[in-house]
Amino acid sequence: MDTVANRGPVARPSYGPASSGHEAANLGDILERVLDRGIVIAGDIRVNLLDIELLTIKLRLVIASVDTARELGIDWWKHDPFLTGRDRELVDENRRLRRRLAAIEDRTAIDE
Amino acid sequence: MSDTGTYLYAVARDEVAACPPGVADADVRTIVRGGLVAYVSSVPMERFGEEPLRRSLEDMDWLAGTARAHHRVVDAVAAATATAPVRLVTVYDGDEQVSDLLERRAGDFAEVLAQVTGRREWGVKAFVDPASEERPDERSGRDGCEQAGKPGKPGTAYLQRRRANLRGREQNRRQALARAEHIHAALATVAVASRRHRPQDPRLSGRADWMLLNGAYLVDEGRVAEFAGLAEELGGGGIEVTVTGPWAPYSFTVMETR
């Protein structure tokens with residue numbers, strides 16, 4: 001096939017040891033980039049992540065911040081004990097504080 | 001349908017001397033057409049077909065390995081020539097389809113590649129340590145106590161202290177966000193283009209710290225030292241700034257092909 005070429009490589013200076021810092025590249029940084037950025041090709045391709053919509057959504061959630069996901073009303077992580085525990089704590093603390101603040105405001109008003 | 005597909009990693013302007021193996025340890029080849037070079041490898045459809053992928057994408061180990069292999073190829077190409085990375089798991093029926101793509105979208109690819117020529121992407125994140133964020137809170141809490149402590153009403157003092165504490169925390173949060181805005185704006189002046197991405201989930205970043213900024217910056221090769229120096233200066237005062245890169249220009253080669 002004429003489109004598959006094996007012509008010689010183009011000699012271009014690379015930017016030094018290209019992979020030196022990269023082997024250690026954080027998996028999160030890599031996933032975020034390869035799943036969420038770069039060129040998206042739709043149409044005549046046989047397979048891409050776009051075809052697998054639900055999975056794509058789920059994978060996106062992995063890389064989305066928890067807050068973003070929560071805004072979207074998606075809570076698949078709610079079985080995560082760490083997050084659930086912390087969330088519940090925060091919600092409870094917030095509720096407790098509001099109640100106490102309301103009470104002290106009432107009392108301050110009476111005192112004055 | 002054949003039992004192998006053509007997996008596309010990236011489209012670049014030149015061929016590179018050496019390329020690491022791709023996904024599933026396959027050798028990476030090039031398809032050249034109209035001054036563009038596509039980096040591809042053959043993949044078995046029994047593993048990269050839609051149905052098998054549906055299952056394997058659930059497997060984080062498989063996903064991690066595949067993402068790393070994809071990235072390794074993109075990275076090697078981008079280190080040597082202007083490169084447009086393609087989204088993970090983009091599989092064509094065969095090489096002819098990839099060749100057609102290069103011809104059909106030659107203008108778009110040329111435009112994208114021109115934008116990233118002589119430039120690399122740098123990632124900058126800013127973190128605030130929740131513990132250091134608490135410190136000013138506690139201070140203002142104590143002050144509040146001295147001002148508001150009425151004898152005989154320890155509960156009142158406590159609650160007012162708590163209220164001051166909450167106000168302090170909210171103020172710290174706003175200050176931290178303003179710092180992130182400032183860091184991003186300052187870095188953007190040295191970059192050719194910049195993007196702010198969603199802060200990463202702590203499970204992805206691997207840090208419990210609050211990520212204030214997850215930015216990507218396209219920087220001219222000649223200004224990298226300046227950029228890195230600036231990023232370093234912008235940290236401090238409870239905010240940690242980290243720089244990653246150079247990356248292939250993942251954030252600056254957005255092109256929706258039809």
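Trainee: Which residues does A10(B) touch, not counting residues up to four places away in sequence?
Mentor: Bear in mind that this is a predicted model, where local features need pLDDT of at least 70, side-chain atom pairs count only at pLDDT 80 or more, and totals for chains, interfaces and linings use all residues. Residues are numbered from 1 along each chain as its sequence is written, with chains lettered from A and ligands numbered from 1 in the order in which they are written. Touching here means C-beta atoms, placed from the backbone, within 7 Å. On that basis, the partners of A10(B) are Y39(B), V73(B), V74(B), V77(B), T83(B), A84(B), P85(B) and V86(B).

Trainee: How many residues are in the largest nonpolar core, and which element gives the largest share?
Mentor: Such a core is a set of buried Ala, Val, Leu, Ile, Met, Phe, Trp, Tyr and Cys residues joined through C-beta atoms within 7 Å. Buried takes 20 or more other C-beta atoms within 10 Å; 12 or fewer is exposed, and in between is partly exposed, again with C-beta atoms placed from the backbone. The count comes to 75 residues, and A10(B) is among those with the most contacts inside the core, along with Y9(B), A38(B), Y39(B), V73(B), V77(B) and Y217(B). The largest share, 8 residues, comes from α3(B).

Trainee: How does α1(A) cross α3(B)?
Mentor: Helices (H or I, at least four residues) and strands (E, at least two) are DSSP runs numbered from the N terminus, and axes are lines fitted to C-alpha atoms, for helices over the stretch in contact, with angles from 0 to 180 degrees between N-to-C directions. The axes of α1 (27–36) of chain A and α3 (60–78) of chain B come within 10 Å and cross at roughly 75°. Under 35 degrees is roughly parallel, over 145 roughly antiparallel, 65 to 115 roughly perpendicular, and the rest oblique. So the pair is roughly perpendicular.

Trainee: Which residues of α1(A) meet α3(B), and what classes are in the contact?
Mentor: L27(A), I30(A), L31(A) and V34(A) meet A64(B), A67(B), R68(B), H70(B) and H71(B). For classes, Ala, Val, Leu, Ile, Met, Phe, Trp, Tyr, Cys and Pro are nonpolar, Asp, Glu, Lys and Arg are charged, and the others, Gly among them, are polar. The tally is 6 nonpolar, 2 polar and 1 charged.

Trainee: Which element gives the most to the side of domain 1 of chain B that touches domain 2 of chain B?
Mentor: The bounds, from an automatic or database assignment, are 4–117 for domain 1 and 120–252 for domain 2. Their C-alpha centres are 36 Å apart, and the contact takes 7 residues from domain 1 and 5 residues from domain 2. On the domain 1 side, α3, β4 (83–85) and α5 (106–116) of chain B each give two or more residues. With 3 residues, the top contributor is α3(B).

Trainee: Is V89(B) buried or exposed?
Mentor: V89(B) sits in the loop between β4 and β5 (91–92) of chain B, with a positive phi near 55°. Most residues other than glycine have a negative phi. V89(B) has 27 other C-beta atoms within 10 Å, which means it's buried.

Trainee: And where is A24(B), and how exposed is it?
Mentor: A24(B) lies in the loop between β1 (4–12) and β2 (29–33) of chain B, and its phi is also positive, about 55°. With 15 other C-beta atoms within 10 Å, A24(B) is partly exposed.

Terms used: Contact = placed C-beta atoms within 7 Å.
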